[in-house]
Amino acid sequence: MAVRKTIQVVPRARRTLTSLRNLGYDLRHAVADIVDNSVSADATDVHVTVHFDGARSWIRIVDNGRGMNADTLTEAFRYGSERDYGRTELGRFGFGLKSASTSQCRRVTVVSRAETPGAELEARQLDLDHIDRVNDWQIFDLAPDELPEPARCLLDDASGTVVLWEGLDRLLQYQDPFGGWAKKLLMSHAADVDEHLGMVFHRFLAGEVANRESLRITVNGTSVEAWDPFCRAEPSAEALQEEDIEVSSSEGNGIVHLRPFVLPNQNHFSSQAAWRRASGPRSWNRQQGFYIYRADRLIQSGGWCRLRAVEEHVKLARVSLEFFPELDSTFGVNVAKASVTLPAELRKELAPLVKDWSRVADAAYRQKQRPPNPQPRRTRTAGVASTPSVPTARTPSSDHGHSLERDLSPKPATSPSTLVDRREVGAVSRVPGAAPQSARQALEAAAEQAGESQALSRIASALRTMSPETAHDLGW
């Protein structure tokens, strides 16, 4: 067979880099991608600094990891760089350092010292303005005296890596980059980064990852707090039965591990501050659902992946779904590591489980909505037939010990007409600590106080003017 003639076609640097700046990163995910590299280098300390200086503002990430020698650092600037990745490493595609950095800035400088004895300080710089001029894949090899001021004298004689972003054109878009609004915006970005890193790396921060020391991250000098989506420190949080599901992939079969939790309702949290913190960055309803981890690093926080709708009554359900990089292709992990797609075979297995978890979460939620409220036994009143007291109904909701308690006992009233007036049906007491009076309780009390025909007439009148919220309160 004749050898076919080939022609090498090298991508144009200028236009390719412009396209690669738009891979879907925002600042939070871009910083997290750099921290991934620090974690893969076994760093125990990572310091993020967001510094405002108008058009000269910069962002810097410094770690105490293994660092890189000259050849490794140069290769790190190659798009699609090839190297062997360990099973638990957070990197995968050979794009992270470059794509994450240039998504936010026009100039990225990396300074590193390897952990080998006597290793020299190495520095490389990718400058988009230079590439625009020469239209070629070129980076600068910087001498120590050529380093930008914010990247100098940070590593001393220790190993580690410094990543410096300058020319923050995607973040500083105000006409006056030195103005107060520009500073306020950049500092708000710093707060978002802090919150995001506390969620994405919470297992590393809490020391829960096997075979490695706990990680410490700071943002502008303040330690990042781990945010546990499952509130395991809360005594009333409930861990449900764990599941393992085998999933096939082009790189071999892998195991998806599921750990479902039902959080306490608001009344059962240890404090209101703990309840508010548990609501998460996107608040309660949007934080329900799956928390998807790749090698212990959180990729997706909340949402049911189209297996069910987000709903108020199941907002206490959160499920840890964990897999390792051998299933990357099956889950469709993107370069920014910001989203995944559940494979069809896994969705089929998850559908009945989601229904079970939702039932338990619904029962936990309704414990708050209708707490037990036993009433004293009523005495016979002259001229009015006595009605037996209505017991509290307990409806089992699952095999996990939850029950749905609904108080059906009648409430005293001054007159039947007051109880069934449409302005009062479904009214909730605004007195602190007072139990709410449901529409059902009001109607039953009306039936007790009046003759049957009168009560039915008033009930029918109330139904005609009933709002959807009241109908829901009645359970119809």
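This is a predicted model: local features need pLDDT of at least 70, side-chain atom pairs count only at pLDDT 80 or more; totals for chains, interfaces and linings use all residues.
Residues are numbered from 1 along each chain as its sequence is written, and side-chain values use heavy atoms, with hydrogens and water left out.

**Glu242, continued**

I placed Glu242 in the loop between strand 9 (238–239) and strand 10 (243–247); helices (H or I, at least four residues) and strands (E, at least two) are DSSP runs, numbered from the N terminus. With contact meaning heavy atoms within 4.5 Å, and not counting residues up to four places away in sequence, Glu242 touches His257, Leu258, Arg259 and Pro260.

**The chain as a whole**

I then looked up the totals: the protein chain has 15 helices and 16 strands, and of its 476 residues 46% count as buried. Among contacts between residues at least 6 apart in sequence, 68% join residues at least 24 apart.

**Helix 2 against helix 6**

Two packed helices are described by the angle between their axes and the distance between the axes. For helix 2 (residues 27–40) and helix 6 (residues 180–200) I noted an angle of about 50 degrees, with the axes 9 Å apart, and that angle makes helix 2 oblique to helix 6. The axes are lines fitted to C-alpha atoms, for helices over the stretch in contact, and angles run from 0 to 180 degrees between N-to-C directions; under 35 degrees counts as roughly parallel, over 145 as roughly antiparallel, 65 to 115 as roughly perpendicular and the rest as oblique.

The crossing of helix 2 and helix 6 is right-handed, that is, the near helix is turned clockwise from the far one by less than a right angle, anticlockwise being left-handed. Which residues make the contact? From helix 2 I listed Leu27, Arg28, His29, Val31, Ala32 and Val35, and from helix 6 His189, Asp192, Val193, His196 and Leu197. These residues divide into 6 nonpolar, 3 polar and 2 charged, where Ala, Val, Leu, Ile, Met, Phe, Trp, Tyr, Cys and Pro count as nonpolar, Asp, Glu, Lys and Arg as charged, and the others, Gly among them, as polar.

In helix 2 I also looked up Val39, which counts as buried at 6% relative accessibility. The C-alpha atoms of Val39 and Gly65, 26 residues apart along the chain, are separated by 7.7 Å.

His130 lies in helix 5 (residues 128–134) and is buried, with a relative accessible area of 13%. I found that His130 touches Gln138 and Phe140, not counting residues up to four places away in sequence, and that a polar contact of 2.8 Å joins the side chains of His130 and Gln138.

Asp328, in helix 10 (residues 328–331), counts as buried at 5% relative accessibility, and a polar contact of 2.8 Å joins its side chain to that of Arg294.

**Positive phi values**

Most residues other than glycine have a negative phi. I noted Asn211, not a glycine, with a positive phi of about 65 degrees; Asn211 is in the loop between helix 7 (202–205) and strand 7 (216–219) and is exposed, with a relative accessible area of 84%. Asp296, also not a glycine, has a positive phi of about 75 degrees, and I placed Asp296 in the loop between strand 12 (289–294) and strand 13 (297–301).

**Ser301**

Ser301 lies in strand 13 and counts as buried at 14% relative accessibility. Not counting residues up to four places away in sequence, Ser301 touches Met199, Arg282, Arg286, Gln287, Phe290 and Tyr291.

How values were computed: Buried means under 20% relative accessible area, exposed over 50%, partly exposed in between (1.4 Å probe, protein chains only). A polar contact is a pair of N or O atoms within 3.5 Å; within protein, one must be able to donate a hydrogen and the other to accept it, and residues adjacent in sequence count only if both atoms are side-chain atoms.
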